[in-house]
Amino acid sequence: MKKVKNSRKAVSTTMAIVAIVIIVIVVIAGIYAYQTYLAPPRKELIMGTTDSVESAIDPSRAWDFFGWEIIQNTGCTLVEIKPGSSATAEDFEPALATDWTLSADKITWTFTLREGVEFADGTEFNASHVKYSFDRAMGINHPEGMPLGSEFDTIIDSVEVVSKYVVEFNLVQPFGPFLALLSCQACAIVNPEYAGGWKTDWSEDDVVYYEEGDVRASHTMDLGPYNLVDWTRVAGKDNEMRLEANPNYWNRDADGGLPKTEVVIIKFYADATALRLAIEAGDIDVAFRHISATDIEDLQDDPDVKVWEGVGAAIQYMIFQEDPVGTLPQLNNAKIRRALTACLNRSEVCSTVFLNQMSPLYSILPDGMLGHTEAFAELGDANLTYAISELADLGYSETNKLEIELYYESSGHYPSSAEQAAVYKSQFEASGVVDVTLKSLDWPSYREARSEGTMHIYLYGWYPDYIDPDNYAFLYYAVWLNHHYIENGEHYAEMKAAYDDARASSVESERIDLYAEIDDYAVMDCPVVPIWQGAAWAVTKPNIKGVYLDITQTWRIWLLYEES
Amino acid sequence: MDLRSYIVARVLLMIPMIFLLLSIVFLIVRVVPGDPVLLHFEKKASEEAMAEMRRELRLDQPLHVQYFEYLAGLLRGDLGKSMAPGRDSISQHIFSAFPATLELALFSILIAVGIGILLGVRASTSYNSVQDHVIRVFGTVIYAIPVFFLGMILLLVFSIYLKWFPAGGRIKPLMEPEGLTFYFSKPAGGFVQVFTWSFPVGLISWAISLVALKRKAIKFWPKGLLISLLVLSAGWIVYAYFAWHLMFRGGLHITGLYTIDSLLDGNVVKFVEAVRYLFLPSLTLGLMLSGVFIRLTRSNMLETLRLDFVTAARARGLKESSVVYGYALRNAFLPILTMMGLQFAMLLGGAILTETTFSWPGLGRYLVDRISFRDYTAIQGAVIFFGILVAVVNLVVDILYAYLDPRIRF
Amino acid sequence: MNDDVISLPLLEVDSLTVDYRTRDGDIRAVNNLSFALEKGETLGLVGESGSGKSTLGLSIIQLVPVPGVIVNGHVRIDGVDVVRLSDEEMRAIRGKNVGFVFQDPMTSLNPVKKVGAHFIELIRTHEPNVTEAEALERAQKTLNDVGILPERINDYPHQFSGGMRQRIMIALAIALNPGVVIADEPTTALDVIVQAKILDLLKNLRDTYGMALILITHDLSIVLERCDKIIVMYAGNLVEYATGTELHSHPRHPYTQGLLQSIPNIELAEQKLEAIPGSPPNLLNPPKGCRFWLRCSEAGENCETEEPPIVEVSPGHFVRCFKEADKSERNRKR
Amino acid sequence: MPKLEIKRSFLARFIPGLASLTKRGSAGWMTIIGSGIVLSMVLMTVLGPWFSPYDPTAINVSPPPNPSPPSGDFPLGTNLLGQDMLSRILCGGSVMIQVALLSVLFCFIIGVPVGLLASYAGGMIDRISTLVMDSFYAFPGLVLAIAIAAMMGRGVVNMALSIAVVYVPSYFRMVRSQVLTIKELPYTEAARATGAKGQTVLLRYILPNVVPSIVVVATVNFADAILTAAGLTFVGLGVGIDVPDWGWDLTQGRQLLPSGSWWVITFPGIMILLLALGFTLVGEGLSELLTPRLER
């Protein structure tokens, strides 16, 4: 009798535990259902990205892609480039400036400013703010700012306040792409209240960096379509941002009202995989930068998302280091560089590594940009007969191979660097007379090795600061790239002359000819060899409209909206 | 050496051990060939720029000065400045990433111990049966799986094919729980200063507890030492906790653990989401660790089930479940608990890989991230934080052991 | 059935055989052993270590350690054959009908449980209706009976001395007033003075509680005076079974005789203590005939080849030896 | 004298060969299966280049689109670069095995002498080295290995060194505890009493008796070293792309996961698992065989 009782008791204990577990689950499920049911429909647009602001969204310092995107959306420049255009001279639109003129000597630009634009605190925007912004940027002159940003003083001599709404820029020398420069994010107007106050002596310490817990103190701009109202960073990386429409935005009443969406949340993902799965799961409305090539290909068949492709301004190129610190003087010979360039098969890289989402590039200027040519096509793709014969002239054969080291960056700074390098290696070695050793360095070491000039051949990339061929063609001369051809390149004197002319000119046809000339010289010398041009990709839910992926690389959040 | 003096020795040993560890890490970071500052410029840096950076990071000081400043900083909870632009406080970075790692660690150790004990007990009670062999094989195989491979497989099956769980991150956008947030105005000097205060406060409470213990005439001094050390650390932790809150002016999640904060919020939707995001990473890490616990539980249970008091309990007609769990497991649990402390180091190692696999924004990801940035000071800070964490956990486990085992009394 | 006609013994062990199934082969630890025990009796179970006496004790409560198996025979407690019972049914008998006291009191109590908890657990497992307070009360009473201050009920086992712990073990064994208490070498681990006290305590308790007691020991001297019946075991076999006094005065088996000679006797001024030569056989591969013959000074030829039968040499005195068998054979023939 | 017995049984069990292991129950079988796995893995890696159907680093041996799932021509599929996974599996073990071997070697070279000296010398040297080793031992191994590897840069030797730093304390502790026991054993005392020099005692009398335990530690460490090496590769501290390596394949395979390319990670993952499992089995088997235990 007792035994039965015991086991009954045991059963009831088990039952009680099971019952409690079931009750807990049911209660949680109930509340879950209730709360889900009660939850108001979401009004915010959520954008996901794998990017992160590097350190600051201060125009005097920021030089990273995402920092600039946030500057573009929270700040405003004097002129803007028309969305979806290819940034020709006609495509510059008034923004904070309504009108501008260039003096006959091409040295003085005069801008008439928009009246009645207010900062968040009610102060009216005027010419002194323009002068303040540029004086500040040139005063801080941060070595890590954009290359031309730090060299404003080689372009701009002074900024003068003519009257309350008129401001004058005096240039050092004629500068063709000046409007393009003014439209870039480094030239966004800052609010003195948050940029260090009215003063004249500037130093690097005046850069405004992220401040934990105080968003407004973390950025300097005030006049853009959005206000950054919340910004959390975890362990030095962005976690979430909240953009709310700026009630004082000058263009607020324009066609249908800007920004189109009142609140945008930016959610930061750690990697492409997570971002792809988030857009697939519908956690986010928009995914912009970066989704990997395989994922893009995969998502193109997915009816629940829309894949947007646009012109990409990012390019990848290969640099043959002149006289790489004592190890491979042969590279100084243009013949070897040309032979090696001829070995490259650009379309194979694009198809193998990027599933054709990048396109082969035969000019230092990307397709879609004024002055773009197909100059490097002259050497051909996988033109092995040429390469072998050229190298044979110099005594290289299957028994006496040319030994080179190819460096790639291994910490993900450029897309699929390692894979690219593997492909280039196989292309060089397909000639049978070249022996390639692959070497890899993480990004900081890679960058330093570049500065030291120790790498034979290495991959590098670029996306533009301001949208003008000038900002690509300079790669042949960029001192910081440190490839040394500037002093020693065979055709560098001619190239430099053409470059300077193109820079000073404002006549498009003239510039097109000059850039073609530069590319031709580049093919003769092959110091820096363009390989591919990126495409820009965004993935959204099907009902998201207002995506512009153009040559400006500007991600215009204020034009995004959800179509109901 | 009896267990009691062992524990005392453990406490005393921890101090030089941590000290040694700090010095080793400090040295490792200093012996890097080349100038780390050189790596942190986009363009070839001018001498002035590099000098400025060295000045900011105090790298221009002689080595011994750096060392002492670094030790002094540690006492204030200041791990120095990151080499990344902006020169953020590393302590702030670590404290903002730590809750994620803590949450992952807690849940995975729960899972590991749960699986480990359940299967370990099963195996031991069905010694040498098929069940026992299957469990043993499971324990061995799970130990040999690279944790990120296990993670990727789970990811592939449960979030990519079946789509039951999200693949990465901590929570959906807009779902971050607020918790009961505190609102403080930011104190002057911020986090580091508040943290600094914890030191004298901890010290004073230590002194007071020492005096109080003397008064009560507790004869055996190690007990007094232990208690006073506990008070010291408790004081410190309480202060650190407030400091942590104070450094976020806008208020912060009360614990930083999303599962708990969401419940404090009373928002079950957020709670369910938090659990969904947490599930796969903690399962991965928990499974990896469970191998050790299975083996340990099994062997300890086999030993314990052989002991006289277990047979005696059976001879008294106690229920098999209370013999196995109340007698055998309760006694076998203490070595398992000790193991839990030792496994904490392994757990953190696994957490680095798991966080990378699941994009979990914790300390592990931070370390990996900083490595690809070659941010030496941050690497140093993160490594030291890991080290101190492990040392403290081990110490706590040892003390817990002493309190749980009634045979050990001071 | 009529109780008046057939009085069932309290405990009856009937041709019990226990094997250990090891990787290297089967070991017969208890071989075809039978005895019965009545209420209030004390049975001594004597043998060297490895003789199977502890296995026998444990097999009575069906707790032969793995890989031991009861291959044959019955154990009847209050007439119920416990070999056939399910685990759960058997569990209800342990502690309730049979109490067990183990050899080493230092290790037989759960170190992480207070003394009181042991009692509460025991009482409430078998009598679920008893409240915790009642159980504690009973525990204190029982503790008092074994000579432990009731207020120490909240102490942990490690706070007691060995003798005290053995008292607690005894208290646990008798707490539910079982019919039989089996004490497996209850004093081996204790010092001599405590030994006597514990044995006396057991004896007194047997009287007050009116239970049967099985005292398992390797020390013949301590059971001689205290037990009504004694079983001497050797290598799994019963070699001699008699009352204490009978065994003392007329040991028949050479092994028993050897054991008796090795007991120091204070009364004898000059006693020659003799140990039995040799050591117990390897049970994996036992000698073919009598298991004792290798050590037996009186072994004959048939001892090597045949297993000796059990013979009743006098009423209630059984011996397993050819010597005695031959004698009784002769007697019968005569 | 248990340690002496260990030594004798160690020799007695291994000189007659594996056959006797089958009689040692599950521990013996574990050792046999484990060494079988390890040997076949090593053999595969050594012979892989001759047997692999394609050059494991050759690009686009499979026509695009890649990665392609397992098929007749490519039984284990291909990866993003159109490389044959089967060839990469066959040849890809070398990095792991080299790293593991080297790290165990480094551990041996550092841990054993230091352990011997410290325990034999005693006094301050012992105390200080024990303290140093203990602080390393308590430290999260992978964190330390990652930090050191990050400082030293890529390469097999650097990986092995950074792993060795983590595991040296295990050797040290094992050697030290063994020596402390053996030092007190009568035959060592006897040797000393008969005038043997400290050096002789250490090398002739003590070292041989420590060897079995070191072998056990080493085999167990092999498994850990392989997993640590895989972990280092996973956080981006492995070797470059031009060496076929399971760890690298597994790491790169992660980005192909969302598109469902399971074969890219599954096979390399299983190979690492098997290799580590092989060493674990050998290690556990040996430690059970060489450590006297209560027989049940």
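What percentage of the 296 residues in chain D is buried? The share is 60% in chain A, with its 564 residues, and 59% in chain D. The legends below describe a predicted model.

**Figure 1. Chain A, overall view.** Chain A contains 17 helices and 19 strands. Its C-alpha trace extends over about 105 × 75 × 40 Å along the principal axes. Of the 564 residues, 60% are buried. When contacts between residues at least 6 apart in sequence are considered, 69% of those in chain A link residues at least 24 apart. Chain A has an accessible surface of about 20,700 Å², and carbon and sulfur atoms account for 53% of that area.

**Figure 2. The contact between chain A and chain B.** Chain A contributes 52 residues to this contact and chain B contributes 44 residues. Together the two chains bury about 4,100 Å², with 55% of this area on carbon and sulfur atoms. A:Y32, A:E212 and A:A235 provide 14% of the area that chain A buries against chain B, more than any other three residues. Four salt bridges are counted between chain A and chain B. A salt bridge joins the side chains of A:D442 and B:R374, with an N to O distance of 2.5 Å.

**Figure 3. Close-up of A:D283.** This residue sits in a loop of chain A, with α7 (272-281) on one side and β11 (286-288) on the other. A:D283 has a relative accessible area of 13%, under the 20% limit, and is therefore classed as buried. Residues up to four places away in sequence aside, A:D283 touches A:I46, A:Y269 and A:A278 in chain A.

Figure 4. Is C:R23 buried or exposed? Its relative accessibility is 70%, over the 50% limit, so C:R23 counts as exposed. C:R23 belongs to the loop that connects β1 (11-22) with β2 (25-37) in chain C. C:P67 is 44 residues from C:R23 in sequence, and the C-alpha atoms of the two residues are 9.6 Å apart in space.

**Figure 5. Close-up of D:I148.** Helix α6 of chain D, residues 141-152, holds D:I148. The relative accessible area of D:I148 is 7%, under the 20% limit, so the residue is classed as buried. Which residues does D:I148 contact, leaving aside neighbours within four places in sequence? They are B:I28 from chain B, together with D:S162 and D:V165 from chain D. D:I163 is 15 residues from D:I148 along the chain, with a C-alpha separation of 8.7 Å.

**Figure 6. Chain D, overall view.** Chain D has 11 helices and zero strands. From the N terminus on, its elements read α-α-α-α-α-α-α-α-α-α-α. Of its 296 residues, 59% are buried. In chain D, 74% of the contacts between residues at least 6 apart in sequence join residues at least 24 apart. The accessible surface of chain D is about 11,600 Å², and 68% of this surface belongs to carbon and sulfur atoms.

Definitions and conventions. Residues are numbered from 1 along each chain as its sequence is written. Chains are lettered from A and ligands numbered from 1 in the order in which they are written. This is a predicted model: local features need pLDDT of at least 70, side-chain atom pairs count only at pLDDT 80 or more; totals for chains, interfaces and linings use all residues. Side-chain values use heavy atoms; hydrogens and water are left out. Helices (H or I, at least four residues) and strands (E, at least two) are DSSP runs, numbered from the N terminus. Buried means under 20% relative accessible area, exposed over 50%, partly exposed in between (1.4 Å probe, protein chains only). Contact means heavy atoms within 4.5 Å. Accessible areas come from the Shrake-Rupley method with a 1.4 Å probe; for residues, only the protein chains shown count as cover. Buried area is the accessible area (1.4 Å probe) that two parts lose on being put together, summed over both.
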